[in-house]
Amino acid sequence: MPKVLTEDQLQFYRDNGYLAPLDGIDPVTAAAMRDDLDAFAAAQGMSAGDLNMKGHLCFRRSYDITFDDRILDVVEDLIGPNIMAFASRFWIKKSRDGTYVSWHQDSAYFGLDPHELVTVWLALTDATPDMGCMKVIPGSHRGKTYGHEETFHEKNLLARGQAINEIDDSNFDYMALKAGQFSCHHERIVHGSDANDTDGDRIGLGVFFIPTHVKSTIGRRTACLVRGVDEHGHWDADPEPQGRFDNDIIDHIRTASQRYVDPQYVQEADA
Ligand SMILES: O=C(O)CCC(=O)C(=O)O
């Protein structure tokens, strides 16, 4: 018996590989998270969005969001009751900055087995098609793993600028959200986003959730148990941020980010 999703929503996710929009946090909390990001950028001289993996650990508030029942009840309906937050990323497109995300599959790069990860993309601002909200190719999570070209293009927000070039993208769906809402997408779905062509910023926090039985295929890594029990022990524990910001955690985040792009860890896309 699902906790919050209807049978129709569950069937939609199975068939199409995504769900949107869903109600998440209140706009006041979304605004407070944007303030956290601004204060972090002022203090560190860099954007938390530049941290490819686990950016949410910089902040107590975004760490707490990964335990939020409004989000986890949905995640539980999709992947079961024992849940870990494997990583995260702040996706920040400033007004007209030209950044975009090419078509890609997360499963090709996350180094996980089996592919049961669900990403919760939580909107901290509105995200509309002209702001470059996410778009997905429905049903592609049930198809093949595509080859990815690593472009390292400077405007591509992906760590390696990885891009699927050979794909029929004539049929895609936008996942438009209002600030505080979230979408869910399957690890294998082909997805991307266009540039933000508006006067406002488009900001979201993507949190990558896995059931505890999912293993790392590129050696032992860290994650955080956010609900249920971990009877498998495949993951070491992430550190817990102390206070509004935790500067000490940044080294841990940098190590996780570097490993994500380190060519010595062969991923599915390279194999
Ligand atoms: O924020 C975007 O436009 C892309 C996000 C994304 O690729 C993801 O959450 O997996």
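User: In which sense do strand S5 and S12 pair, and over how many bridges?

Analyst: This is a predicted model, in which local features need pLDDT of at least 70, side-chain atom pairs count only at pLDDT 80 or more, and totals for chains, interfaces and linings use all residues. Residues are numbered from 1 along each chain as its sequence is written. Strands (E, at least two residues) are DSSP runs, numbered from the N terminus, and two strands pair if DSSP finds at least two bridges between them. Here S5 (residues 118-123) pairs with S12 in the antiparallel sense over six bridges. Within S12, Phe-208 is the bridge partner of Thr-119.

User: Which other strand pairs with S12?

Analyst: Strand S2 (residues 83-93) pairs with S12, again in the antiparallel sense, over 10 bridges. Trp-91 stands opposite Gly-204 of S12, and Ile-83 has Pro-211 as its bridge partner there. S2 is also joined to strand S14 (residues 222-227) by three bridges, and these two run antiparallel. Leu-225 in S14 is the bridge partner of Met-84.

User: Is S12 buried or exposed, and why?

Analyst: A residue is buried if 20 or more other C-beta atoms, placed from the backbone, lie within 10 Å of its own, exposed if 12 or fewer, and partly exposed in between. In S12 (residues 202-211), 10 of the 10 residues are buried, so the strand is largely enclosed by the rest of the structure. S2 is likewise largely enclosed, because 11 of its 11 residues are buried.

User: Which residues of S12 point one way, and which the other way?

Analyst: In a regular strand the side chains alternate between the two faces of the sheet. From S12, Arg-202, Gly-204, Gly-206, Phe-208 and Ile-210 point one way, while Ile-203, Leu-205, Val-207, Phe-209 and Pro-211 point the other way. The residues of both sets are buried.

User: Which residues are around the ligand?

Analyst: A residue is counted as near a molecule if its C-beta atom, placed from the backbone, lies within 6 Å of it. The residues around the ligand are Trp-91, Val-101, Asp-106, Thr-119, Trp-121, Met-134, His-191, Ser-193, Gly-204 and Gly-206. S5, strand S11 (191-193) and S12 each supply at least two residues of this shell.

User: Where is Thr-145, and is it buried or partly exposed?

Analyst: Thr-145 lies in the loop between strand S6 (134-136) and strand S7 (149-150). Thr-145 counts as partly exposed because it has 14 C-beta neighbours inside 10 Å.

Definitions and conventions: Helix = DSSP H or I, 4+ residues; strand = E, 2+ residues; numbered from the N terminus.
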